[in-house]
Amino acid sequence: MNPRRISKPIQIGTVTIGGGAPIVVQSMTNTDTRDVISTIRQIKELEEAGCEVIRVAVPDKQAAEAISAIKKGIAIPLIADIHFDYRLALASLKAGADGLRLNPGNIGDPERVKAVVLAARARQVPIRIGVNAGSLPKTTNPKLSIARRMVAAALEQINLLESLDFDLIKVSLKAFDVPTTIEAYQDIATKIPYPLHIGITEAGLPRTGVIRSAVGIGTLLHLGIGDTIRVSLTAHPREEVFAAYEILKSLNLRQHGPILVSCPSCGRTEVDIIKLAEAVEKELMKITRPIKVAVMGCVVNGPGEAKDADVGIACGKGRGILFKKGEKIGVVAEKDFLTALMREVERF
Ligand code: SF4
C-alpha cells in the first residue's frame, strides 16, 4: 500500500479532514431537509451507525433556514449541498452550516462564487469544490478527456478561491466510470495540497454499487489518496455508512465494529453454514467494538483457516468446536452454535 498523501488539514466543525487524520466517513440524508424532525431522526440513526459528517440537500431557502434547527438536534457536523443558487449558500452559512459543497459547473458567475467565498471566509467555514463528470462547466476544453476536464474545472475554481485569500478547500472529482474517477484523482493529487473527498457517483443499488464503490474508493485509498469518503448508493444512507467502513476495514485503515470471517462452504460442509453466518452477522450488528469472529464450515480445516480470528466456531455434523485465536476452547451441540458463539463474543 502506498503511503498516504498528507494534505492540508481543514476543520468541518469538530472533525478534522486531511493532514493525516483518520479517513472520515460521511453520508447524505435523503429526507426532505425542510422536514426538520425526519431529517434529525435520520441523522441520529446515521450517527449511531458511525457517520462522522452529514450533508443535506439545500434546494430552497426554507431548506437553508432549516439547518439551524437541524443542527440543534444532532451531534455531527453538517455540510450544506448547494446547486445553482449561490444565495442558498449564503443562507446556509447564516443558518450555521459547518461546510459547503458547491458544484462549479452550475453556480456560474465568478462574482456569485466570490460572494459565497467571502461569507465562508468570515466564518472560517470550508468549501468543497465538488466536480461531477455529468455537469462540467462549458469553460473546460471539450477535446480533453473527461478526467482532465474534471481536473481543469476544479483547478479553475481553486484559483478563484485562492485569489480571494481562501484556502479552506476540499475537492472531489466524481464520475460513475471508475477508471475516469481514479485518473482524475491521481492527477489532482499531485497538483494541489488540499484534502480530497473521494467516491464514485451514482454507483447504483447496493448489490452493484457497493462493488463499484469498493473498487474505485479502495483503489484510490490503496494509492494513498483520499481524506474522507462517501459511498453513494440507491439505498437508505445507513447502507452507505456500513459500506464505507467495510472498505476502510478491508484496507486496515479504520477499525469499526466487528469483522465477520465466514468460509464459503464446500463439499466438506455438513451444516447450513450460510444460515448460521447470517444469524451471526445479525447479532454482531448490535456490537460496536472491534472483534474478528469466524464461522467455519468444518472441524478439520476451520480453526486453522481462521486462526487470526479472535473468536470462532468450526461446525461439523451435530457438534462444533469453539476456538479463540486458533486454540480450541470447547465443543458445543449443533442446536447451541449461535448462542455459544455469541457468549464467547460477549466474554472476549
Ligand atoms: S472451512 Fe472447511 S467447509 Fe469451509 S471452505 Fe474450508 S474446508 Fe470447506
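This is a predicted model: local features need pLDDT of at least 70, side-chain atom pairs count only at pLDDT 80 or more; totals for chains, interfaces and linings use all residues.
- Side chains of opposite charge can pair when their charged atoms come close.

**Helices H1 and H2**

- Two packed helices are described by the angle between their axes and the distance between the axes.
- Helix H1 (residues 36–49) packs against H2 at an angle of about 50 degrees, and their axes are 10 Å apart.
- With an angle of about 50 degrees, H1 and H2 are therefore oblique to each other.
- The crossing of H1 with H2 is right-handed.
- On the H1 side the contact is made by Val36, Thr39, Ile40 and Ile43, and on the H2 side by Ala66, Ala69 and Ile70.
- Sorted by class, the residues of this H1 and H2 contact are 6 nonpolar, 1 polar and no charged.

**Helices H2 and H3**

- Helix H2 (residues 61–72) also has a partner in helix H3 (residues 86–94): their axes come within 8 Å and cross at roughly 15 degrees.
- Angles under 35 degrees count as roughly parallel, and H2 and H3 are therefore roughly parallel to each other.
- H2 and H3 cross in a right-handed way.
- Lys61, Ala64 and Ile67 of H2 meet Leu88, Ala91 and Ser92 of H3.
- That contact of H2 with H3 has 4 nonpolar, 1 polar and 1 charged residues.

**Helices H3 and H5**

- H3 also packs with helix H5 (residues 110–123), where the axes come within 9 Å and cross at roughly 10 degrees.
- H3 and H5 are therefore roughly parallel to each other.
- From H3, the residues Tyr86, Ala89, Leu90, Leu93 and Lys94 meet Arg112, Ala115, Val116, Ala119, Ala120 and Arg123 in H5.
- By class, the contact of H3 with H5 divides into 8 nonpolar, no polar and 3 charged residues.

**Around the ligand**

- Which residues surround the ligand? They are Cys263, Pro264, Ser265, Cys266, Arg268, Thr269, Met296, Gly297, Cys298, Asn301 and Glu305.
- The shell around the ligand has 5 nonpolar, 4 polar and 2 charged residues.
- Among the residues that surround the ligand are Cys263, Cys266 and Cys298.

Conventions: Residues are numbered from 1 along each chain as its sequence is written. Side-chain values use heavy atoms; hydrogens and water are left out. A residue is near a molecule or strand if one of its heavy atoms lies within 4 Å of it. Ala, Val, Leu, Ile, Met, Phe, Trp, Tyr, Cys and Pro count as nonpolar, Asp, Glu, Lys and Arg as charged, and the others, Gly among them, as polar. Axes are lines fitted to C-alpha atoms, for helices over the stretch in contact, and angles run from 0 to 180 degrees between N-to-C directions. Helices (H or I, at least four residues) and strands (E, at least two) are DSSP runs, numbered from the N terminus. Angles under 35 degrees count as roughly parallel, over 145 as roughly antiparallel, 65 to 115 as roughly perpendicular and the rest as oblique. A crossing is left-handed if the near helix is turned anticlockwise from the far one by less than a right angle, and right-handed if clockwise. Contact means heavy atoms within 4.5 Å.
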